[in-house]
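Subject: Structure handover

Hello,

Here is the structure I promised to pass on. Please open it alongside this note.

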Amino acid sequence: MSLENTINDAIKTAMKEKDKVALDSLRAVKSQILLLKTEAKGAEVSAEQEIAILQRMIKQRKDSFEQFAAQGRNDLAEVEDAQMKVIEKFLPKQLSPEELEAEIKNIISEVGAESIKDLGKVMGTASKALAGKSDGKSISEMAKKLLS
């Protein structure tokens, strides 16, 4: 089942349960998918594009959460956090730090990276291989740690 169908089913459930936070979050995801389909002139949205949409939306909410928390606006920060948790349910299972380290070690040996100078090669491969399983910041930090 595509993400769009899954989101539509989840919207129906949220409406029945009167879960406003979930409903707002899911409608935002649906909006982004429809926007992407419109830009692609009706073409189907690939799984990679769906994951990218979800990751971008989570990152936006995480940034907003941090800004609201820094300004002492806990009421708004809580809404962003709740929406982030709803959207995360639709991403593939995230890698633990140990699993991420093992994956990046494999990628480093595959591309033959030896120093921090080879970070670009590692990041290019790792970003594609671990899309949806980990965010870019975590991948970058782990790669830098392992290469230095």
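Below is what was found in it, from the overall fold down to single residues.

**Overall fold**

This is a predicted model. The protein chain has seven helices and zero strands. Read along the sequence, the pattern is α-α-α-α-α-α-α. The C-alpha trace spans about 55 × 45 × 25 Å along its principal axes. The chain has 148 residues, and 31% of them count as buried. Take the contacts with a separation of 6 or more: 59% of these are between residues 24 or more positions apart.

**Cores**

In soluble globular proteins, nonpolar side chains tend to be buried together. The largest nonpolar core here has 20 residues. Within this core, I7, L26, V29, I33, L54 and I87 have the most contacts.

Leaving aside residues up to four places away in sequence, V29 touches I7, L54, M57 and I87.

**Largest pocket**

Rolling a probe the size of a water molecule over the atoms shows where empty space is left. The largest pocket holds about 480 Å³ of space. Its lining comprises 15 residues. Nearest the centre of the pocket lie Q55, I58, K59, K62 and D135.

Which helix gives the most to the lining of the largest pocket? α3 does, with seven residues. α3 covers 47-70, and α7 covers 136-147; each supplies at least two residues of the lining. By type, the lining divides into eight charged residues, four polar and three nonpolar.

**E4**

E4 sits in helix α1. Is E4 buried or exposed? Its relative accessibility is 18%, and the cut-off for buried is under 20%, so E4 counts as buried. Beyond residues up to four places away in sequence, E4 touches I33, L34, K37 and E50. With K37 there is a side-chain to side-chain polar contact of 2.9 Å. I33 is also among the residues with the most contacts inside the largest nonpolar core. The C-alpha atoms of E4 and A28 are separated by 12 Å, and these two residues are 24 apart along the chain.

**Q49**

Q49 belongs to helix α3. With a relative accessible area of 34%, Q49 is partly exposed. Its contacts, not counting residues up to four places away in sequence, are with L36 and E44. A polar atom of the Q49 side chain lies 2.9 Å from the backbone nitrogen of S46. Between the C-alpha atoms of Q49 and N8 the separation is 17 Å, with the two residues 41 apart along the chain.

**K18**

Most residues other than glycine have a negative phi. K18 is not a glycine, yet has a positive phi of about 55°. Where is K18 placed? K18 lies in the loop between α1 and α2. Its relative accessibility is 73%, so K18 counts as exposed.

**Where to look**

Start at V29 and its contacts with I7, L54, M57 and I87. Then go to the largest pocket, with Q55, I58, K59, K62 and D135 nearest its centre. Finish at the polar contact between the side chains of E4 and K37.

Best wishes

Notes. Residues are numbered from 1 along each chain as its sequence is written. This is a predicted model: local features need pLDDT of at least 70, side-chain atom pairs count only at pLDDT 80 or more; totals for chains, interfaces and linings use all residues. Side-chain values use heavy atoms; hydrogens and water are left out. On a 1 Å grid over the protein atoms alone, a cavity is a set of points where a 1.4 Å probe fits but cannot get out, and a pocket is an open set with protein on both sides within 12 Å along at least five of seven lines; lining residues have an atom within 4 Å of a point. Grid points are joined across faces, edges and corners, and a volume is the space filled by probe spheres set on the points. Helices (H or I, at least four residues) and strands (E, at least two) are DSSP runs, numbered from the N terminus. Ala, Val, Leu, Ile, Met, Phe, Trp, Tyr, Cys and Pro count as nonpolar, Asp, Glu, Lys and Arg as charged, and the others, Gly among them, as polar. Buried means under 20% relative accessible area, exposed over 50%, partly exposed in between (1.4 Å probe, protein chains only). Contact means heavy atoms within 4.5 Å. A polar contact is a pair of N or O atoms within 3.5 Å; within protein, one must be able to donate a hydrogen and the other to accept it, and residues adjacent in sequence count only if both atoms are side-chain atoms. A nonpolar core is a set of buried Ala, Val, Leu, Ile, Met, Phe, Trp, Tyr and Cys residues joined through side-chain atoms within 4.5 Å.
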